[in-house]
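Reader: I would like to learn how to read a model like this one. Could we go through it feature by feature?

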Amino acid sequence: MLPSGIQQPGTMHVGPGPDQTEIYRALAEAATEGVVIHRDGIVVAANEACCSLYGYSPEAVVGRPIIDFIAPDARAEALDRGRNGTEQPYESLALHRNGSAFPVEFRGRAVALDGKPARAVTIRDLRQRKRYEQERLIGIQRFGRVFEQSPLGKAIAGPDSCFREVNPALCAMLGYSADELIGRNFLDIVYPDDRESCRRHSAALLNGEVEQFHIEERLVAKSGAPLWVSINVAPIRDPAGRVIDILGIIENVDERRRMTDALRENEERFRTIIEALPHIAFVVRPDGIAQYYNALCTLYFGELAGDSSGRLALAHPDDRSRVVAAREAAVIAEREFEVDVRLRRHDGAYRWHRFRSMPLFRDGQLDAYLCTAVDIDELRRANEILGQHVAERTAQLAASETQIRLVYEHASECHAVMLVRDDGQFVFEEANPALLRIYEKPRAAVVGHSLDEVFGADGAHEINRYLAACLRLGQPYRYERQQGERVVEAVAVPVPRSGDEPQRLVVTARDVSEARGLEEQLRQAQKMEAVGQLTGGVAHDFNNLLTVVIGNLDMLEAKLTDEQHRKLTAAARRGADRAAILTHRLLAFSRKQPLAPKQVDLNRLVAGMSELLRRSLGETVAIETVLAGGLWPTSADPNQVENALLNLALNGRDAMPSGGRLTIETANRSLDEAYAKSHSDVVAGDYVMLAVSDTGTGMSPATVAKAFEPFFTTKEVGDGSGLGLSMVYGFVKQSGGHVKIYSEPGAGTTIKIYLPRLLTAIGLVESAAAAVPTGVGHETILVVEDDADVRDYTAGVLRELGYRIVAAGDAAEASQHLAGETRIDLLFTDVGLPGGVTGRRLAEAARAQRPGLKVLFTTGYARNAIVHNGTLDPGVELIVKPFTQRDLAQKIRAVLDDPG
């Protein structure tokens, strides 16, 4: 029997045979859409929907084999299902009258017709559903591309709030990789204070209380820093309407939030800025009510209405609709807008203004609009005049192509356009004259030829590799290559192409040999600096040792009466003095000697040394001085300048073993930016030059390159220490100057020293010799020195000079003496002390306890605690190691007797 509840199928067309009433009844029970009844495979009845679906008239359907209405490819399955009597629906292909196949769903069921078995088949048209599924598939694919390429962060999470998919923008925003996020609960990266709000919103979405929601909250980046974001959340539902996933679109609003907070915290400053603006400015609420006008606004318009309609009346009638439309669109989008509008001045005149309104947010909500109006009336008039010249300019632009071509042709850089052939070969499509010159080839031998043809297979191999890398990366590629003695830097840039256009590359090349030379100069300077650091440390240790050696030799020599023993100690003393000179030169090279700069007149200094130089150089060397008139003063340590001049003069003498001429010259010089650019250690400006030239053997370029290095010498072993020029180099650099050697083998040598010009007088070059005093019997000196030998020697010398001595090995021990009741007249301390407390800090603490306490520092080399930029700090007294008994006695007495 047929199941009940089947609707009447409509008008039925029945062939001869069974009773029509039973046919209607069978069709009505079996059909919901198209219905056909067949017996033994022959159609005996079909409803209107079935005939319409296949495109046949009723008469053409009844009596035909039902297999005729099934597409050939689907007939085997249909026959099989008919034989098995299955009643499960299945998808198949029906055959339309026009011969086209279309998707349908068949569902067959056995029925009784006229007391005999038959089969009723319902036919559902699936074309519309298939189109929908196809469109949905396309939509999903498009969504996937948008998801991945979106500049906004996007994520898909399950109902359990665990990430299923994240896009690259979200990973970049938070600093996580996709693998670190997928499978992780979204609440794990929500800032703790915001989790409850996020959980509440998510529950409302899943429970169907809201269809979607927007929230601003803080997420925690991988670095641990909180990040404000704006999140729009919507559900993804299955066909039954169940939420299967949640889509979140996440935008970084951290900067906007910070700006909003800053705006709230600085509202008063903001008002001050608005008042100071040279333009009309006012602030209005979103409802149009004015909050603030600056003084210029009132002055320009007069008294204004507080609502927006009153302000709108200030606009020219022809401009009002345009202003209203722009404002409404901006208000809806909560964004800024800008419009040019004519505004009525207080005297009734209209002038063009550029009106701009910018939204201001507070706690993520629109709070007000900042509006400004800039008078552009004159600019508009200028633009009108400019518009009259557009046609003329258009014609000129046509001519500009020729001008650009001229620039291209005469450019100093090499330019080429490379065409990539189908076989991967790079062919010159264009080359400018500069490129042809650098490769020394005619245009005909380059343009239209491949790299192999222009340079040969070996020469083109490297360039091919670079250009291929540019194509592989799809972005500009920079490379260098050696071409003879030149270094060529090139940049290859792929040209975007469309359609079937061949790929092109634009290649620009330039000679960077000069730049690489400057880099080599920098490396040389860094090498000299490193050597200086090493030599400074060595000199410091030697000075401590020499202080003990020289001091004890002095004391021993004073006590010996035997002439033979005195000669031995004198020889030892001479050796120690030479070692002291070497350490001073090492300190000069490393720029760690304490300088006492004063105003120096180089002409006067050179003249004063004339007699010393003549005695030192001997009769075979003629000395000539060329002193400039109006010479600028300079600031330098005069003793070091004298030592430098003497060293250069002696080097010149040694370069003229058979005699010659030594020329000493002074001059004012200005070293410009071009010179400074080619000498990385030079600052452009005014300098005073001191030059020493000889007519000796000269130096090779290799010798010149090493001349300033310590211990480098061309003299025989024992004839020189190799520290003369390095001392000069260090002193000049420490004084902020520059030194340059000009020399060629057989053509003599000139060494020029440039010392900075002094613009403000700082003192005179004078010194007074001091006597060799002793103590007066009641003065106490606190000696602080971490080196036990130096401390014992210093204490012994001072006791012999008549002073009472208290000794300490570090700042902590010295502080104990200072805190006691022992009278202390002078603190004599090393600058560098163990335990992290320097001599300078010890002296400051001592003077705080004992105001007026005299302090004398000592050091083996310049310490930043009391020497900065090579110069002693004001008010600091210092004696440099190694020192003799006489040096120490004079300095101690000078400090004690100083009334300051």
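Reader: Which residues of α26 meet which residues in α29?

Author: First, some ground rules. This is a predicted model, in which local features need pLDDT of at least 70 and side-chain atom pairs count only at pLDDT 80 or more, while totals for chains, interfaces and linings use all residues. Residues are numbered from 1 along each chain as its sequence is written, and side-chain values use heavy atoms, with hydrogens and water left out. Helices (H or I, at least four residues) and strands (E, at least two) are DSSP runs numbered from the N terminus, and contact means heavy atoms within 4.5 Å. In α26, Y793, T794, V797, L798 and E800 meet Q885, L888 and I892 of α29. These contact residues divide into five nonpolar, two polar and one charged. Here Ala, Val, Leu, Ile, Met, Phe, Trp, Tyr, Cys and Pro count as nonpolar, Asp, Glu, Lys and Arg as charged, and the others, Gly among them, as polar.

Reader: At what angle do the axes of α26 and α29 cross?

Author: Two packed helices are described by the angle between their axes and the distance between the axes. Axes are lines fitted to C-alpha atoms, for helices over the stretch in contact, and angles run from 0 to 180 degrees between N-to-C directions. The axes of α26 (residues 788–800) and α29 (residues 885–897) cross at roughly 65° and come within 11 Å. The two helices are therefore roughly perpendicular (under 35 degrees is roughly parallel, over 145 roughly antiparallel, 65 to 115 roughly perpendicular, the rest oblique). The crossing of α26 past α29 is right-handed: the near helix is turned clockwise from the far one by less than a right angle.

Reader: How do α21 and α22 pack?

Author: Helix α21 (residues 610–617) packs against helix α22 (residues 638–654) at about 30°, with the axes 10 Å apart. They are therefore roughly parallel to each other. L613, S616 and L617 of α21 make the contact with L645, L646, A649, L650 and R653 of α22.

Reader: What is the strand order in the sheet with parallel pairing?

Author: Strands of a sheet pair through backbone hydrogen bonds, either parallel or antiparallel. Two strands count as paired if DSSP finds at least two bridges between them. In this open sheet of five strands the order is β30-β29-β31-β32-β35. The edges are β30 (804–808) and β35 (878–880); each has a single partner strand, so one side of each lacks a neighbour in the sheet. Strands β29 (residues 780–784) and β31 (residues 826–830) run parallel and are joined by four bridges. L782 has L827 in β31 as its bridge partner. Helix α26 packs on this sheet, touching β29, β30 and β31, and its direction makes about 170° with that of β30.

Reader: Which order do the strands have in the antiparallel sheet?

Author: The order in this open sheet of five strands is β8-β7-β11-β10-β9. Neighbouring strands are turned by 30° against each other on average, direction ignored. Strands β7 (residues 153–157) and β11 (residues 243–252) pair over five bridges, and A155 stands opposite G248 in β11.

Reader: Where does pLDDT stay under 50?

Author: Where pLDDT is low, the predicted coordinates should not be read in detail. pLDDT is the predictor's confidence in each residue, from 0 to 100. One such stretch is residues 588–592, where pLDDT stays under 50; residues 762–771 also stay under 50. The mean for the protein is 78, and 77% of its residues reach 70 or more.
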